[in-house]
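This briefing concerns aromatic rings and their surroundings. A pair of aromatic rings is described by the distance of the centres and the angle of the planes.

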Amino acid sequence: PEIRCQPLSPGAYTLSNAQLNSPWPKAILAQQQLNDWQSATPPVGLLNRRDPYPDEELPATGVPLEWERWLSAQFIHTPNYGTRCSTGIFTEGDRLEIAERTFDANGNATGTVEFTLLLSEDE
């Protein structure tokens with residue numbers, strides 16, 4: 001793949017294993033989940049859909065159909081491959097917040113790490 005660097009305007013974005021805001025079903029759902037999460041109290045789950053999408057909604061990424069089905073889920077869980085972390089990056093003003101949840105091979109959450117960086121425009 002070609003490396004791309006682009007400035008981002010304020011807003012919400014999704015990134016899967018393709019380009020920024022790829023119109024994959026799981027990325028579209030992630031955008032909706034993020035919008036719901038921002039307005040929910042308590043926050044709703046993010047990146048938690050484990051079901052594959054119907055064949056007619058699958059992107060054509062060049063892998064066999066069986067893999068296309070597995071990979072269509074936001075949270076991938078197969079016998080030998082799957083999601084090991086989900087990461088969210090949020091910015092507001094001069095604050096950058098990062099939260100990452102990790103998972104074991106069985107798909108169980110094993111921990112969450114959160115930290116905040118203060119950004120400065122003086123550098």
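**Aromatic contacts in the predicted model**

Phe-103 counts as buried at 13% relative accessibility, where buried means under 20% relative accessible area, exposed over 50% and partly exposed in between (1.4 Å probe, protein chains only). The model is predicted: local features need pLDDT of at least 70, side-chain atom pairs count only at pLDDT 80 or more, and totals for chains, interfaces and linings use all residues. Residues are numbered from 1 along each chain as its sequence is written, and side-chain values use heavy atoms, with hydrogens and water left out.

**Ring pairs**

- The structure holds 3 aromatic pairs (centres within 6.5 Å, using the six-membered ring of Trp; planes under 30 degrees apart are stacked, over 60 edge-to-face, the rest tilted).
- Trp-67 and Trp-70 form an edge-to-face pair, because their ring centres are 4.8 Å apart and their planes stand at 85 degrees.
- Both Trp-67 and Trp-70 belong to helix H2 (residues 65–72), 3 residues apart; helices are DSSP runs of H or I with at least four residues, strands runs of E with at least two, numbered from the N terminus.
- Trp-67 is partly exposed, at a relative accessible area of 31%.
- Phe-75 and Phe-103 also pair edge-to-face, at 4.7 Å centre to centre and 85 degrees between the planes.
- Phe-75 lies in the loop between H2 and strand S1 (85–92) and Phe-103 in strand S2 (residues 95–103), so this pair ties together parts 28 residues apart in sequence.
- Phe-75 is buried, with a relative accessible area of 3%.

**Charges over rings**

- The charged end of Arg-49 sits over the Tyr-53 ring, 3.9 Å from its centre (NZ of Lys or CZ of Arg within 6 Å of the ring centre and within 35 degrees of the ring normal).
- Arg-50 lies over the face of Phe-75, 3.8 Å from the ring centre.
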